Amino acid sequence: MTPFDAKPGETIVGLGLDFRTRLADSETIAAAPTVVSNIAGLTISGQGYSGTIAVATVSIPANQADGTVVLTYVVTGTAGNVRKGYRTIEVCSAIAGFR
């Protein structure tokens, strides 16, 4: 999956990850996901889901150095399956670094 580009100080609302291929056929997400980051100081809130898509709101600190943030989403499906997925955010303070 293509990384999401962000600047320090930015809040990303509803950053999602689709678990359709990770869950059993006809299974959907049963509860809000747990989302954690490899970066201290990042704020993750607003975890939610719709069908097979897990979402979260991510606030990047204004003093965050350029680099890669890895988010780990953990969901439980309606059949009891627990799955993990990863989403990356490329933090770049220079506009030229955006896709």
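**View 1. Aromatic rings: how many pairs does the rule find here?** The count of aromatic pairs in this predicted model comes to zero. Under the rule, rings of Phe, Tyr and Trp (its six-membered ring) pair if their centres lie within 6.5 Å, with planes under 30 degrees apart called stacked, over 60 edge-to-face and the rest tilted. The model is a prediction, in which local features need pLDDT of at least 70 and side-chain atom pairs count only at pLDDT 80 or more, while totals for chains, interfaces and linings use all residues. Residues are numbered from 1 along each chain as its sequence is written, and side-chain values use heavy atoms, with hydrogens and water left out.

**View 2. The charged end of R22 over the ring of F19**. Here the charged end of R22 lies 5.4 Å from the centre of the F19 ring and sits over that ring. This wording requires NZ of Lys or CZ of Arg within 6 Å of the ring centre and within 35 degrees of the ring normal.

**View 3. S26, a loop residue with a positive phi**. Look for S26 in the loop between β2 (11-18) and β3 (34-37); strands are DSSP runs (E, at least two residues), numbered from the N terminus. Its phi is near 70°, and S26 is not a glycine. Most residues other than glycine have a negative phi. S26 is exposed, at a relative accessible area of 77% (exposed means over 50%, buried under 20%, partly exposed in between, with a 1.4 Å probe and protein chains only).

**View 4. I60, a buried loop residue**. The loop between β5 (53-59) and β6 (67-76) holds I60, whose relative accessible area is 4%, so I60 counts as buried. Leaving aside residues up to four places away in sequence, I60 touches A6, K7, P8, G9, E10, I12, L42, I89 and V91, where contact means heavy atoms within 4.5 Å. P3 is 57 residues from I60 in sequence, and their C-alpha atoms are 15 Å apart.

**View 5. An open sheet of four strands**. The strand order is β1-β7-β6-β3, with mixed pairing. β1 and β3 are at the edges with a single partner strand each, so one side of each has no neighbour in the sheet. Neighbouring strands of this sheet are turned by 30° against each other on average, direction ignored (axes are lines fitted to C-alpha atoms). β3 pairs with β6 in the antiparallel sense over four bridges; pairing takes at least two DSSP bridges. V35 stands opposite Y73 in β6.

Note on methods: Axes fitted to C-alpha atoms, helices over the stretch in contact; angles between N-to-C directions.
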